[in-house]
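Work through the exercises below with the sequence and the coordinates at hand. Each task is followed by a solution in steps.

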Amino acid sequence: MFSPAEIQVISQAVEIAEDVTANYFKISTAQWKHVRYDIRTLAELSPDEIADYAFAQIIRYSGKPDLSRQRHYDYFKICLQDQNIIAAVERDQGVKLLPLGVYVVTHELVHIVRFCKFLQRFDAEPLERQQEEMRVHEITQGVLGSLRLPQLNYVLEVYGDYQFMEQLKDHKLATLA
Ligand SMILES: [Zn+2]
C-alpha cells in the first residue's frame, strides 16, 4: 500500500494528469466537472476492486440511481493498484513514482474521456479492445509529449506499449426504489 508520502506524490501526479488531459482534449474546467470519475488507491478499495497484475482497474458503475431519474447513469472508478505500481518502481531504478503515476493516471483518463465521448465502448470485444489500447497508448504519448517532467521519457520508453495498464470491470447498480 502507498505510504502517506507516496500518497502525496500520487496526488500531485493526479493533478498533473488531469491538467494535461483536459488541455489536450480542450475540455474546460466547467466541462471537466461533468466527467464522472473518481480516483482511489488501495486503502479505499473493496476486495473485488483489486487487480492481480495491472496498474489500475477501471470499474464502470452504471444504472439508474433512483426511479425518478430517467437518465442512465455511468460513473467510472479508477482504482489504482498501489502494489503493482510500487513493484514497478522497485523493479527498475530508473522508474520513479511521480512520472509513473502521471503516466498511469493520464492513460486511464484518456480512456475515461473516450468512454464519455462514446469513442470507445466499455464492453468491446477483445480484438477491438486491443486496438483501442494501442490507440490510447498513442494518444497518451501525445498528451504527455510536451510535459517536462524528470524521468518521464524513461517511463514512456519502458511502458509506452505496456499490455497490462488496466483491467476493466462492469458493475450494474441496482435501482434504488
Ligand atoms: Zn488502457
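Are Phe115 and Phe122 buried or exposed? Both Phe115 and Phe122 are buried. The model is a predicted one.

**Exercise 1. Identify the donors of the zinc ion and describe the geometry of the site.**

Step 1. List the donor atoms. The zinc ion is coordinated by NE2 of His107, NE2 of His111, two OE atoms of Glu133 and two OE atoms of Glu166. The distances run from 2.0 to 2.5 Å.

Step 2. Examine the angles. Among the six donor atoms they range from 55 to 146°. Six donors count as octahedral if opposite donors are over 155 degrees apart and all others between 65 and 115. The site of the zinc ion is therefore classed as irregular.

**Exercise 2. Describe the surroundings of Glu133.**

Step 1. Determine burial, for which the limit is under 20% relative accessible area. Glu133 has 7% relative accessibility and counts as buried. His107, at 0%, counts as buried too.

Step 2. Look for a polar contact. The side chains of Glu133 and His107 are joined by one of 3.0 Å.

Step 3. Collect the contacts, leaving aside neighbours within four places in sequence. Glu133 is in contact with His107, His111, Tyr162, Met165 and Glu166.

**Exercise 3. Classify the aromatic pairs Phe55–Tyr159 and Phe115–Phe122.**

Step 1. A pair of aromatic rings is described by the distance of the centres and the angle of the planes.

Step 2. Take the pair Phe55–Tyr159, one of the 11 aromatic pairs in the structure. The centres of Phe55 and Tyr159 are 5.3 Å apart and the planes stand at 75°, an edge-to-face arrangement. This pair links distant parts of the chain, 104 residues apart: Phe55 sits in the loop between β1 (37–40) and β2 (56–63), and Tyr159 in helix α6 (residues 152–159). Phe55 counts as buried at 1% relative accessibility, and Tyr159 is buried at 6%.

Step 3. Turn to the other pair. The ring centres of Phe115 and Phe122 lie 5.0 Å apart with the planes at 55°, so this pair is tilted.

Step 4. Ring pairs link Phe55 and Tyr159 with Tyr53, Tyr162 and Phe164 into a cluster. Tyr162 is also among the contacts of Glu133.

Note on methods:
Residues numbered from 1 in each chain as written. Predicted model: local features only at pLDDT ≥ 70, side-chain atom pairs only at ≥ 80, totals over all residues. Heavy atoms only, no water. Donors = N, O, S within 2.8 Å, 3.2 Å for Na, K, Ca; no water. Tetrahedral: all angles 85-135°; square planar, octahedral: opposite > 155°, others 65-115°. Buried < 20%, exposed > 50% of the residue type's maximum accessible area, 1.4 Å probe, protein only. Polar contact = N/O pair within 3.5 Å; in protein donor to acceptor, adjacent residues only side chain to side chain. Contact = heavy atoms within 4.5 Å. Phe/Tyr/Trp six-rings, centres within 6.5 Å; stacked < 30°, edge-to-face > 60°. Helix = DSSP H or I, 4+ residues; strand = E, 2+ residues; numbered from the N terminus.
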